[in-house]
Amino acid sequence: MTTKPDTTPPVCSYEGSDYQSRFWDGANRRYEDAVETVAIDRLFTQGGHLMLELGAGAGRLTQRYKGWERIVLLDYSRTQLQQARERLGDSDNYLYVAADIYKLPFVSGLFDGATMIRTLHHMADASQTLQSVRRVMTEDSLFLLEFANKRNLKSIFRWLIRRQAWNPFSPEQVEFVQLNYNFHPKTILETLRQSGFENERSLGLSFFRSDWFKNHIAHERLVKWDARLQDQKLVNGYTPSMFTLNRAVGATEKPVDGSFFSCPICSHALPELKMTQICPGCGHEWQYDQGIYEFRINPEK
Ligand SMILES: C[S@@+](CC[C@H](N)C(=O)[O-])C[C@H]1O[C@@H](n2cnc3c(N)ncnc32)[C@H](O)[C@@H]1O
């Protein structure tokens, strides 16, 4: 039985947040949304049986992952999951799970695919995060990871003219707002390798993430230019957002038949039942309420 770490970093709370309506629907971000779709369509087309969407939020991207029989939407925020459920509805295709990525409530080797978009951004410990994700993936499965790149052209320029104190070329992550991190691409690729992933491909995107471009150049043209540049090695390591496709390598535990969840406190295996369960290992009650599985150890009220 794999044990999960006792101490984990704090979670950036989105509980009660209007993230989807404020950041996406109500702002000038059609371009960012579109170029992310281009990257997903390029990298993550294999489909499969069971996929894990980590930090799924309000389910903005879920329907863009094609060819999956079932998708588990996992987020720490229950209110984000409620929005996702309103968008996607109740069916056997989507499961909604409130849990902490550092303490994933699934048995090892369960998923044959995973994505994490705009979420590593909030993880103080990238290594612990990626090891946690690797544990629940089966050998040879694919993991699509997006991260915010500290070595982008804007930050390089600001650093050169001394408007920014931190060095965009140094390997350590930068916390520019509490629990908001930008990472160096080489550090993330090395952390992926150490966590049991082999990088297959990386794309750089959001070249034209500025209001000037968005207000002066037609949306379709900007998206077309971005799509052309995403795979250009010379420039794609210098964009604010990077999409990486990674294969899970090395031996992985196989789930025992009938097991699905795993208690985040004691790691005891639990079946997938649409009902509240008492863990036979530690006696903790894990609730199932209004279509959402509750696996947060100390949920905020
Ligand atoms: C910026 S949003 C991105 C949502 C979605 N992936 C998208 O691109 O629209 C980040 C999401 O990560 C979730 N999150 C942050 N830290 C988390 C953690 N430790 N465990 C689970 N979810 C977390 C937040 O609740 C939030 O919904």
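Q: How is the open sheet to be read: how many strands form it, and in what order?
A: Helices (H or I, at least four residues) and strands (E, at least two) are DSSP runs, numbered from the N terminus, and two strands pair if DSSP finds at least two bridges between them. Here nine strands make an open sheet with mixed pairing, in the order 8-9-5-4-1-2-3-15-14. Strand 8 (197-205) and strand 14 (288-289) are its edge strands, each pairing on one side only. The model is predicted: local features need pLDDT of at least 70, side-chain atom pairs count only at pLDDT 80 or more, and totals for chains, interfaces and linings use all residues. Residues are numbered from 1 along each chain as its sequence is written.

Q: In what sense do strand 1 and strand 2 pair, and over how many bridges?
A: Strand 1 (residues 48-54) pairs with strand 2 (residues 68-75) in the parallel sense, over six bridges. Within strand 2, isoleucine 71 is the bridge partner of methionine 51, and arginine 70 is that of leucine 50.

Q: How many bridges join strand 4 to strand 5?
A: Strand 4 and strand 5 run parallel and are joined by five bridges; alanine 114 stands opposite phenylalanine 143 of strand 5. Strand 4 (residues 111-116) also pairs with strand 1, in the parallel sense over three bridges, where leucine 54 faces methionine 116 of strand 4.

Q: Which residues have the most contacts inside the largest nonpolar core?
A: In soluble globular proteins, nonpolar side chains tend to be buried together. A nonpolar core is a set of buried Ala, Val, Leu, Ile, Met, Phe, Trp, Tyr and Cys residues joined through C-beta atoms within 7 Å. Buried denotes 20 or more other C-beta atoms within 10 Å of the residue's own, exposed 12 or fewer, and partly exposed the range in between, with C-beta atoms placed from the backbone. The largest core here has 65 residues, and Leu73, Val97, Ala114 and Phe143 have the most contacts inside it. Its largest share, seven residues, comes from strand 5 (residues 137-148). Of the 12 residues in strand 5, nine are buried.

Q: Which residues does valine 97 touch?
A: Two residues are in contact if their C-beta atoms, placed from the backbone, lie within 7 Å. Not counting residues up to four places away in sequence, valine 97 touches Val72, Leu73, Leu74, Pro105, Tyr293 and Phe295.

Q: How do helix 4 and helix 6 cross?
A: Two packed helices are described by the angle between their axes and the distance between the axes. The axes of helix 4 (residues 126-135) and helix 6 (residues 185-194) come within 9 Å and cross at roughly 40°. That angle makes helix 4 oblique to helix 6. Ala126, Ser127 and Leu130 of helix 4 make the contact with Ile188, Thr191, Leu192 and Gln194 of helix 6.

Q: Why does asparagine 149 count as buried?
A: Asparagine 149 counts as buried because 24 C-beta neighbours lie inside 10 Å. Asparagine 149 is in the loop between strand 5 and helix 5 (153-160).

Conventions:
Axes are lines fitted to C-alpha atoms, for helices over the stretch in contact, and angles run from 0 to 180 degrees between N-to-C directions. Angles under 35 degrees count as roughly parallel, over 145 as roughly antiparallel, 65 to 115 as roughly perpendicular and the rest as oblique.
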